[in-house]
Amino acid sequence: MSQPIVQFLDVTKRFGDFVAVKNLNLDIYPGEFVAIMGPSGCGKTTTLRMLAGLEVPSDGDIFLDGEIMNEVSPHERDTPLVWQSLALFPFLNVRENVEFGLKMRGIQADERCLRAAKWLERMEIKAFSERNVDSLSGGQRQRVALARALVIEPKILLLDEPLSALDAHLVIRMQQVLTRLQRELGITFVYVTHSQSEAFAMADRVVIMGDGEIAQVGRPRDIYREPGNRFVAEFVGRNNIVTGKIESVAQNTAAISTSMGVFTVTVTEDQRIQVGIDATFVIAADLVRLTNTKPEADNVIACSLISEEFVGSVVTLFLESVDGHEFKVQLQERYLAEIDLKSDGSLFLSWPSASAHLLPV
Amino acid sequence: MSKSHEWQRLCGGKAFEVAWRIPLIAWQAVFFIGPLLFMIIISFFLVKNYRMIEAFEFVNWFKMLQRATFWDSFGYTLLLASLSTVLVSIIAFPASYGLAFRVSSEGRRWAIFLLIVPFFTSYLVRIFSWYVVLAEAGPLNAVFGFIGLGPYTMLNTAFGSVVGYMTLTLPLVIILQTISLSNIDRRCIEAAYNLGCGVVRVILEVIVPMARTGLIVAALFCFILSFGDFVSPYYLGGSKPPTLPILIIDTTKSGQQWPRAAVIAVMMMLTLFSIAFSAIWYAYRKRVAS
């Protein structure tokens with residue numbers, strides 16, 4: 001693999017007594033679309049701001065393109081950031097906003113104008129060049145912010161929850177714009193978000209942070225199917241989490257006894273498992289079968305329907321087992337007619353052993 | 001039934017709104033528009049045997065506006081007030097910048113409190129204390145003498161007047177500038193750094209334009225207070241040459257020339273109106289959207 005463009009080495013950031021980022025180690029490679037995701041206050045924005053030089057790490061080193069960045073002030077780096085609030089300059093018009101970075105780099109007015117025009121055109125906002133930024137719509141302002149950052153032709157673009165202020169339909173549209181832009185330019189995008197759908201939709205690699213530390217790094221699919229720990233399994237949502245004790249291990253299957261009975265989970269060879277230890281496994285909500293008759297299978301739980309959530313083609317059902325454990329089932333809306341949804345404990349959940357994922361001990 | 005309904009409609013609607021505006025309108029009418037009209041009318045009166053006679057003659061206007069002393073005084077007042085405005089704005093800015101960006105919010109609160117404290121004492125008292133400090137044998141010249149300089153004549157000079165103007169306006173200008181700088185969106189400043197803007201350029205190209213309205217309003221206050229001030233140019237400036245407020249006093253004293261003094265006052269009002277209007281227009285000017 002090529003040399004990483006960004007390297008965090010044991011980076012810690014403290015604000016007084018509060019530790020925002022703890023011993024962060026992360027490599028980002030050229031041309032990658034990396035999403036840093038986590039709940040509020042997990043340190044994801046601080047990580048991004050350290051990369052831009054807006055915060056100085058308390059400990060550890062940050063390398064950008066092989067050079068140590070700790071002492072480099074923000075205006076001497078080529079790490080443009082797109083803000084959540086966009087932070088467009090209200091006293092400049094659209095074109096002047098886009099030209100700002102070029103002006104600061106001492107580029108002549110006529111060349112500035114030419115390069116800005118190219119980006120205004122590419123972002124489809126050329127018609128508004130001479131307009132005031134506050135006369136534009138949210139989506140248009142978003143494009144101005146992107147053009148302003150990209151016009152300086154950086155190797156890396158930082159984005160801090162840029163879509164969180166937009167309407168839902170615009171978010172989808174801008175996701176496509178961003179993904180296409182990143183492919184075409186071939187530069188590195190580091191995208192901070194709290195939204196799983198944004199991160200999974202766009203990123204090549206997702207970094208999940210919790211409490212200032214990295215909880216898991218991986219491709220979206222891997223994180224979704226094989227969460228590395230309970231925090232990730234819960235954060236990724238739409239997961240059913242069951243805890244118990246390992247009862248027996250035979251070949252590549254472990255039997256786990258829980259308050260709801262014994263369930264089997266397929267395990268890999270490199271998972272070190274001992275009989276008697278506590279274990280947690282996860283079944284994604286879309287891998288669970290729901291039937292009205294008890295199936296002849298290994299992992300079956302009798303449930304009642306609590307509520308349902310309808311989002312177009314997919315329906316999420318919230319169910320409760322006899323002893324009060326909550327389960328989520330996600331299925332295609334068109335299959336809903338085949339099931340008689342009852343609240344009297346006569347629904348049956350089942351899943352093959354291979355669909356369950358045992359969290360690393 | 002319909003009557004009570006009507007009453008409710010009035011209470012919640014137009015009448016209610018108008019009722020709240022009446023005090024302000026009445027105040028402005030009685031204490032500003034009224035006296036202003038009265039002053040304008042007086043400027044057309046005549047004075048015979050030290051007594052004013054109601055008339056409508058332009059003689060006072062011709063007399064005053066043809067006098068070189070009036071225009072000298074007008075130019076000098078304009079110059080001093082402008083100088084004071086520029087100096088105060090420049091001296092206040094680093095202090096305001098420090099308070100807005102480099103000091104904790106608690107420190108900022110204390111600083112603003114301390115900047116209000118000078119207003120506890122009458123302006124006249126503060127000017128008299130300068131009278132002592134700036135005197136030929138005063139403490140300031142003693143300090144200069146100690147390091148082998150001076151003594152300098154500071155009283156009865158333009159310098160004295162400007163020191164007085166600053167005493168009046170500097171705390172106010174720092175407070176106004178600090179508030180307007182504090183309200184700047186910090187992310188815009190960070191965005192400027194992020195796009196390659198150095199510290200000095202950030203101040204000139206981002207902070208000043210973003211705080212433009214507040215900075216201009218602060219400067220306007222400084223100009224208005226300095227232009228109309230009588231105390232500083234009289235006690236510290238020695239009234240030579242006289243500023244317009246001093247000229248007003250002199251004119252009323254010499255032969256009861258209230259109408260001619262009114263001419264000066266009206267000219268001052270016109271000057272302040274035009275400067276205030278253009279400053280406010282410039283401060284709130286929006287870029288024209290094409």
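Two strands are said to pair if DSSP finds at least two bridges between them, and the legends below use the word in that sense for a model that is predicted.

**View 1. Strands β11 and β14 of chain A lie side by side in an antiparallel arrangement.** Strand β11, covering residues 239-250 of chain A, is joined by 7 bridges to strand β14, covering residues 278-284 of chain A. One residue to look for in this view is Asn240(A), whose bridge partner in β14(A) is Ile283(A).

**View 2. A second open sheet of chain A is built from 4 strands with antiparallel pairing.** The order of the strands is β2-β1-β4-β5. Because β2 (18-28) and β5 (67-68) of chain A each have a single partner strand, one side of each is left without a neighbour in the sheet.

**View 3. Strand β7 of chain A is mostly covered and has parallel partners.** In strand β7, which spans residues 156-160 of chain A, 5 of the 5 residues are buried. Ile156(A), Leu158(A) and Asp160(A) point one way from the strand, while Leu157(A) and Leu159(A) point the other way, and all of them are buried. In a regular strand, the side chains alternate between the two faces of the sheet. Strand β6 (residues 81-82) of chain A pairs with β7(A) in the parallel sense over 2 bridges, and Val82(A) has Leu159(A) as its bridge partner in β7(A). Strand β8 (residues 188-193) of chain A also runs parallel to β7(A), to which 5 bridges join it, and here Leu159(A) has Tyr191(A) as its bridge partner in β8(A). Between β7(A) and β8(A) the chain passes through helix α5 (residues 168-185) of chain A, in a β-α-β crossover that is right-handed.

**View 4. Chain A is divided into two parts, domain 1 (6-230) and domain 2 (238-358).** The C-alpha centres of domain 1 and domain 2 of chain A lie 39 Å apart. Where these domains meet, 4 residues of domain 1 of chain A are in contact with 6 residues of domain 2 of chain A. On the domain 1 side of this contact, the residues divide into 1 nonpolar, no polar and 3 charged.

**View 5. Glu234(A) is found in helix α8 (residues 230-235) of chain A.** Glu234(A) is partly exposed, because 13 other C-beta atoms lie within 10 Å. Ile223(A) and Glu234(A) are 11 residues apart in sequence, and from C-alpha to C-alpha they are 12 Å apart in space.

**View 6. Chain A meets chain B in a contact that takes 20 residues from chain A and 19 residues from chain B.** On the side of chain A that touches chain B, helix α2 (residues 94-104) of chain A gives the most, with 3 residues. The residues of that side of chain A divide into 11 nonpolar, 6 polar and 3 charged.

How values were computed. Residues are numbered from 1 along each chain as its sequence is written. Chains are lettered from A and ligands numbered from 1 in the order in which they are written. This is a predicted model: local features need pLDDT of at least 70, side-chain atom pairs count only at pLDDT 80 or more; totals for chains, interfaces and linings use all residues. A residue is buried if 20 or more other C-beta atoms lie within 10 Å of its own, exposed if 12 or fewer, and partly exposed in between; C-beta atoms are placed from the backbone. A crossover is right-handed if, with the strands pointing away from the viewer, the path from the first strand over the helix to the second runs clockwise. Domain bounds come from an automatic or database domain assignment. Two residues are in contact if their C-beta atoms, placed from the backbone, lie within 7 Å. Ala, Val, Leu, Ile, Met, Phe, Trp, Tyr, Cys and Pro count as nonpolar, Asp, Glu, Lys and Arg as charged, and the others, Gly among them, as polar.
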